Amino acid sequence: MGKQSTPVTDKKRIGNFVLKPPVNNNITNAIKIEDPQLRQMVVGATTRLDLWVNFLRAANARTVLEVGIWKADFTKHLLQECDAIKRYYMLDPWAHLPDWDKPLNLKQELLDRAYEESVQKTEFAAAKRVVLRGRTREMIGSIPDDSLDFAYIDGDHTLRGITIDLIKVLPKIKMDGFIGGDDFAKNVWQHPSHYEPTLVCPFSVYFAEAMELPIVALPFDQFLMQKRADACFSFTDTTGVYKDLSIKKLSSGWANISPIWWAKHTLKKAGLLR
Ligand SMILES: C[S@@+](CC[C@H](N)C(=O)[O-])C[C@H]1O[C@@H](n2cnc3c(N)ncnc32)[C@H](O)[C@@H]1O
């Protein structure tokens, strides 16, 4: 899929990060981001949930982190559909945050309810789940380095949030493991313009470039990057909608989207509206 990656030395050093070659990393089915298997999985998916279930099965992911849980609908679905998952970290503050300017920063009472709902919904997998209530920076230390097959980033999508999440999560991923994420939106005004813009796109691509890793844009506003010692940076767009990643382009046009448009877009992404 996409560009050929050039083999590099057996060890990469980028800033403070050293990407070591795989050592017994327990990924029994180490797929590569450029495998045709991955493209088939993408083409066949009809919803975001479908896409990640297919992917996690193909990758045989056992240890998973989700950053940003909300009411655990995604969590529940993955835990139900992906038998190979043995440990699932659920990381979310479920707290009203004084410095997070996004629509889901609701009253504490509602967030407490979302937390309780999340715990209830995943009770059937209590032996597998690890609930980490707090922000990424506060809780990431509970996860061992090089231990995750897959992390799904779906928390604070502002520039601050995605920067912190990607920098903090990468060292936790096993070699050949993956980071996926939501809200790789092609317009930074994903929410009405009185909120902070969403900058998962293009920041994730710049991060992959800085870390010399391959990254792929997927349907339903999703992205996927792989922690690899034997690959260079490449950006592959499977959707054809991310031709120009300049902020000038990504911030043009929809600065005043209506709440109705936003509701429809959200329902379409969830597969609830055609
Ligand atoms: C879009 S929702 C997550 C949706 C969920 N992943 C799903 O697919 O159903 C975003 C969540 O991110 C959480 N969040 C906000 N800031 C965060 C941070 N700094 N670290 C981790 N989670 C955060 C919010 O509390 C909220 O529940």
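I162 sits in helix α6, which spans residues 159-169. This is a predicted model, so everything below describes computed geometry. The chain has 274 residues, of which 39% are buried, and its secondary structure comes to 9 helices and 10 strands. Contacts across the sequence matter for the picture: among those with a separation of 6 or more, 70% link residues 24 or more positions apart.

- Beyond its neighbours within four places in sequence, I162 is in contact with H157, L199, V200, F203 and S204.
- Helix α6 as a whole lies across β3, β6 (148-153) and β7 (173-181), and it runs at about 175° to β6.

**The sheet**

- An open sheet is formed by 8 strands in the order β5-β4-β3-β6-β7-β9-β8-β10, with mixed pairing.
- The edges are held by β5 (129-133) and β10 (234-237); each has a single partner strand, so one side of each is left without a neighbour in the sheet.
- On average, neighbouring strands of this sheet are turned by 15° against each other, direction ignored.
- β4 and β5 pair in the parallel sense over 5 bridges, and M90 stands opposite V131 in β5.
- β3 and β4 also run parallel, joined by 5 bridges; here V67 has L91 in β4 as its bridge partner.

- How many residues of β3 are buried? The count is 5 of the 5, so the strand is largely enclosed by the rest of the structure.
- T63, L65 and V67 point one way from β3, while V64 and E66 point the other way, and all are buried.

**The nonpolar core**

- The largest nonpolar core has 63 residues, and those with the most contacts inside it are L65, F150, A151, V169 and I179.
- Helix α7 (residues 200-211) gives the largest share of this core, with 7 residues.
- As general background, nonpolar side chains in soluble globular proteins tend to be buried together.

**The ligand shell**

- Which residues are closest to the ligand? They are G68, F74, D154, G155 and D156, out of 19 residues that surround the ligand.
- The elements giving two or more residues to this shell are β3 (63-67), α3 (73-81) and β4 (87-92).
- By type, the shell residues divide into 9 nonpolar, 4 polar and 6 charged.

**G181 in strand β7**

- G181 lies in strand β7 and is buried, because 26 other C-beta atoms lie within 10 Å.
- Apart from neighbours within four places in sequence, G181 is in contact with Y152, I153, D154, V200, S204, Q222 and F223.
- F223 is 42 residues from G181 along the chain, and the C-alpha atoms of the pair are separated by 5.3 Å.

**Backbone spots worth a look**

- For background, most residues other than glycine have a negative phi, and most peptide bonds are trans.
- A cis peptide bond joins C201 and P202, with omega at about 20°; P202 has its place in helix α7.
- A72 is not a glycine, but has a positive phi of about 65°.
- A72 lies in the loop between β3 and α3 and is buried, with 23 other C-beta atoms within 10 Å.
- E212, also not a glycine, has a positive phi of about 60° and is found in the loop between α7 and β8 (214-218).
- Is E212 buried or partly exposed? E212 has 18 C-beta neighbours inside 10 Å, so it counts as partly exposed.

Terms used: Residues are numbered from 1 along each chain as its sequence is written. This is a predicted model: local features need pLDDT of at least 70, side-chain atom pairs count only at pLDDT 80 or more; totals for chains, interfaces and linings use all residues. Helices (H or I, at least four residues) and strands (E, at least two) are DSSP runs, numbered from the N terminus. Two residues are in contact if their C-beta atoms, placed from the backbone, lie within 7 Å. A residue is near a molecule or strand if its C-beta atom, placed from the backbone, lies within 6 Å of it. Ala, Val, Leu, Ile, Met, Phe, Trp, Tyr, Cys and Pro count as nonpolar, Asp, Glu, Lys and Arg as charged, and the others, Gly among them, as polar. A residue is buried if 20 or more other C-beta atoms lie within 10 Å of its own, exposed if 12 or fewer, and partly exposed in between; C-beta atoms are placed from the backbone. Two strands pair if DSSP finds at least two bridges between them. Axes are lines fitted to C-alpha atoms, for helices over the stretch in contact, and angles run from 0 to 180 degrees between N-to-C directions. A nonpolar core is a set of buried Ala, Val, Leu, Ile, Met, Phe, Trp, Tyr and Cys residues joined through C-beta atoms within 7 Å.
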